[in-house]
Amino acid sequence: MERGRYCIAGPSEYLILNGRAKAIPIIAIERTNYHCIIVVRADSKIKLLSQLKGKTIAMRKIGSTSGHIAPIKLLMDAGLNPKTDFKTVMLDDKGVEA
């Protein structure tokens with residue numbers, strides 16, 4: 001194995017490696033019941049992620065895979081720019097409460 005060509009990475013590191021070096025995973029480990037969710041109030045008119053443009057979104061903790069990185073990726077996939085299209089506040093475990 002050549003030095004610097006292979007590495008073990010968690011989800012957040014993988015996103016950086018993929019973004020900068022187009023790294024490709026050769027094996028992945030998945031955890032059952034480990035995922036992110038995006039919720040809105042039941043009486044909200046928001047039905048699509050794209051409708052979160054201009055909103056303030058509560059997330060867990062900077063760098064958390066399920067509470068920050070994955071939701072940001074989902075929002076980006078929905079066409080939103082995390083730098084300009086919505087405001088993010090980190091509320092740890094109080095996000096759903098908010």
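Predicted model: local features only at pLDDT ≥ 70, side-chain atom pairs only at ≥ 80, totals over all residues.

Modeller: Residues are numbered from 1 along each chain as its sequence is written, and side-chain values use heavy atoms, with hydrogens and water left out.

Biologist: What is the mean pLDDT of the protein, and which elements have the lowest and highest means?

Modeller: pLDDT is the predictor's confidence in each residue, from 0 to 100. The mean for the protein is 84, and 92% of its residues reach 70 or more. Among the elements, α1 has the lowest mean pLDDT (78) and β2 the highest (95); helices (H or I, at least four residues) and strands (E, at least two) are DSSP runs, numbered from the N terminus.

Biologist: Why is the pair of Asp85 and Lys53 called a salt bridge?

Modeller: The term requires a side-chain nitrogen of Lys or Arg within 4 Å of a carboxyl oxygen of Asp or Glu. The closest N and O atoms of Asp85 and Lys53 are 3.8 Å apart, so the pair meets the definition. This pair links distant parts of the chain, 32 residues apart: Asp85 is in the loop between α2 (65-77) and β2 (87-90), and Lys53 in the loop between α1 (11-21) and β1 (56-59).

Biologist: Why is Asp85 called buried and Lys53 exposed?

Modeller: Buried means under 20% relative accessible area, exposed over 50%, and partly exposed in between (1.4 Å probe, protein chains only). Asp85 has 12% and is therefore buried, whereas Lys53 has 53% and is therefore exposed.

Biologist: What makes Arg60 and Asp92 a salt bridge, and which parts does the pair tie together?

Modeller: The closest N and O atoms of Arg60 and Asp92 are 3.9 Å apart, which is within the 4 Å limit. Arg60 lies in the loop between β1 and α2 and Asp92 in the segment after β2, so the pair ties together parts that are 32 residues apart in sequence. Arg60 is partly exposed, at 40% relative accessible area, and Asp92 is partly exposed, also at 40%.

Biologist: How many salt bridges does the structure hold, and how far apart are the closest N and O atoms of Asp43 and Arg41?

Modeller: There are 4 in the structure. One of them joins Asp43 to Arg41, with the closest N and O atoms 3.1 Å apart, and both residues are exposed.

Biologist: Which residues make up the largest nonpolar core, and what makes it a core?

Modeller: The 8 residues are Ile46, Leu52, Ile57, Met59, Ile72, Leu75, Leu80 and Phe86. A nonpolar core is a set of buried Ala, Val, Leu, Ile, Met, Phe, Trp, Tyr and Cys residues joined through side-chain atoms within 4.5 Å. β1 and α2 each supply at least two residues of this core.

Biologist: Which residues of α2 are buried, and what covers them?

Modeller: The buried residues of α2 are Thr65, Gly67, His68, Ile69, Pro71, Ile72 and Leu75. Their cover includes α1, β1 and β2.

Biologist: Why is Val40 called partly exposed, and which residues does Val40 touch?

Modeller: Val40, in the loop between α1 and β1, has a relative accessible area of 41%, which lies between 20% and 50%, so the residue is partly exposed. Not counting residues up to four places away in sequence, Val40 touches Ile46 and Leu52, where contact means heavy atoms within 4.5 Å.
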